[in-house]
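This report describes selected local features of one protein model. The sequence and the structure are shown first, and the description follows.

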Amino acid sequence: MTLTETLAERFVHLKFDDLPKSVIDEAKLCLLDTLGCIYSAAQRSDIRDFSVKLASTTSEKNVAIIGMNDHTSLLNAAIINGTMAHTVEMDDVHKQAKSHAGAVVVPTVLTYGNYVGSSGKELLLAIVVGYETMLRVGRGMNATQHRLQGWHATSTCGTFGAAASTAVLANLNEDDYVHALGLAGTQSSGLWAFTANAANSKKFHAGNASASGILSVLLVKSGLTGANQILEAEDGGLFKASSRNYSFNQVTSDIQNEFLIEQITRKPFACCRSMHPSIEAALKAREHDISLDEIKKIIVKTYEVAKVQCGFTNTPNSVSEAQFSIPYGVSIALHEGNALIDQFSMEKIMDERIRDVAKKVEIVVDSNFDEAYPNNWGCELEIQLTNGKLLVEKVVNAKGDPENPLTKEEMHEKFIYLSKGLIGEAKCKEIISIIDNLEKYEQASDLLGNILGLEV
């Protein structure tokens, strides 16, 4: 069997009642976490303007735009909802797959589920299948090499997760499921070149992957077929075309028993996850009550991908650059004791006091952290003071890692923080309760439209 055939055989027959309670609970947290990210993005004027303009390109108004009190076409809604999920940089990630599954899979499920009228159980099952498919593709691809060749795995692997989720909600048979994955793979795209000019296109990668996955299913239903060796083909297979040292076995390994959704990392800070270890280390150093004027130099020892991805500028000039700048993250954490959305405002980014400390940060690739990546995303922070003292803080599993997870209560607090500006704290608590009991709803599409805030 090919890799896509193996994935299809496993997941097309998976039923909600087959899922362990722990997996269902994780799916609910993934839904809540991503929905909070979407609600937060929906409060931004640039996102609202983007949504209005893209929605105006069609007269179709049959799918809700989350948090916008508006409707548009199915594919436009997927683009907008997915883009919002990846906007504030607080969406979940999987270490070995280096993919933000929530930003692609959850908006896909909400969008297509709203379109076809899915139940709560169907939505949760589709989330699980989407995560498993997307993350298995990412894990097998060799995320490190894929990234160092300039690809963005959330986008390239996201098409598979979106197609798999949609296939579940569309009740595709096994053969059509394979075709959908093949068609998703041929749409696989997403390049990291946005950092060259501070372009804001990264967030679109999630929206495009969502729409591509849905489109794959629509194409199958229209009679097109997809390559059944889209991952492993010698000529044109995705793995050979976009990576090195990949592993086909990692796609299907322990597929009957292991659920990768239980290995999700969730973000406490509003920036690239590769910045989180250094930010946490800076927060620990801050407890020593040092004077920032006494800092002579800061050295961050970490893995190569972190330096490539988040070490290209010490003095960012935009929000998107700041969200991918370890020097800025360290400096803002030392100055303000946090790195939430407010800390990534243009006012903070251009503050000369914060920029002065960021200029003192040097990033060094350390073989110990590099060899441990992607299983561990860590760093060691050294702060050299003018009086000769040296502060050293090491972080291996930063807060949010599966080995150091956010608690359920902290997840609820994060959701309220992200969402209350749009829907109010009382509504936030109502949504938390509904998601906790989502499997009880037979017509979750109506529920999503009227209670979960898709039309607030």
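Asn76 belongs to helix H4, which covers residues 74-85; helices here are DSSP runs of H or I with at least four residues, numbered from the N terminus. The model is a predicted one, in which local features need pLDDT of at least 70 and side-chain atom pairs count only at pLDDT 80 or more, while totals for chains, interfaces and linings use all residues. Residues are numbered from 1 along each chain as its sequence is written, and side-chain values use heavy atoms, with hydrogens and water left out.

With a relative accessible area of 11%, Asn76 is buried (buried means under 20% relative accessible area, exposed over 50% and partly exposed in between, with a 1.4 Å probe and protein chains only). A polar atom of the Asn76 side chain lies 3.1 Å from the backbone oxygen of Leu54. Apart from neighbours within four places in sequence, Asn76 is in contact (heavy atoms within 4.5 Å) with Leu54, Ala55, Thr57 and Thr58.

## Helix H11

Helix H11 consists of 20 residues, 202-221, and reaches 30 Å from its first C-alpha to its last. This is close to the 28 Å expected at 1.5 Å a residue, where the expected span is 1.5 Å times one less than the number of residues. Of the 20 residues of H11, 14 are buried, so the helix is largely enclosed by the rest of the structure. Gly223 follows H11 and has a positive phi, near 110 degrees.

## Nonpolar cores

A nonpolar core is a set of buried Ala, Val, Leu, Ile, Met, Phe, Trp, Tyr and Cys residues joined through side-chain atoms within 4.5 Å. The largest such core has 96 residues, and those with the most contacts inside it are Leu19, Met84, Tyr131, Tyr177, Leu231 and Ile261. Helix H6 (residues 120-141) contributes the largest share of this core, 12 residues. Apart from this core lies another, of 52 residues, among them Met90, Val93, Ala306 and Leu381.

Not counting residues up to four places away in sequence, the contacts of Tyr131 include Cys30, Asp92, Val105 and Ile261.

## Aromatic pairs

There are 12 aromatic pairs in the model, counted where the ring centres of Phe, Tyr or Trp (its six-membered ring) lie within 6.5 Å; planes under 30 degrees apart are stacked, over 60 edge-to-face and the rest tilted. Tyr112 and Tyr115 form a tilted pair, 5.7 Å centre to centre with 45 degrees between the planes. Both lie in helix H5 (residues 101-116), three residues apart, about one turn of the helix. Tyr112 is buried at 4% relative accessibility, whereas Tyr115 is partly exposed at 40% relative accessible area.

Ring pairs also link Trp192, Phe194 and Phe324 into a cluster. Over the ring of Trp192 sits the charged end of Arg147, 4.1 Å from the ring centre; the criterion is NZ of Lys or CZ of Arg within 6 Å of the ring centre and within 35 degrees of the ring normal.

Gln323 occupies the loop between helix H16 (319-322) and helix H17 (326-336). Gln323 is buried, with a relative accessible area of 8%. Setting aside residues up to four places away in sequence, Gln323 touches residues including Thr87, Glu89, Cys271 and Phe344.

Lys307 lies in helix H15 (residues 304-310) and is partly exposed, with a relative accessible area of 36%. Although Lys307 and Phe324 are 17 residues apart in sequence, their C-alpha atoms are 9.9 Å apart in space. Beyond its neighbours within four places in sequence, Lys307 is in contact with Phe312, Ile363 and Val365.

How values were computed: Helix = DSSP H or I, 4+ residues; strand = E, 2+ residues; numbered from the N terminus. Polar contact = N/O pair within 3.5 Å; in protein donor to acceptor, adjacent residues only side chain to side chain.
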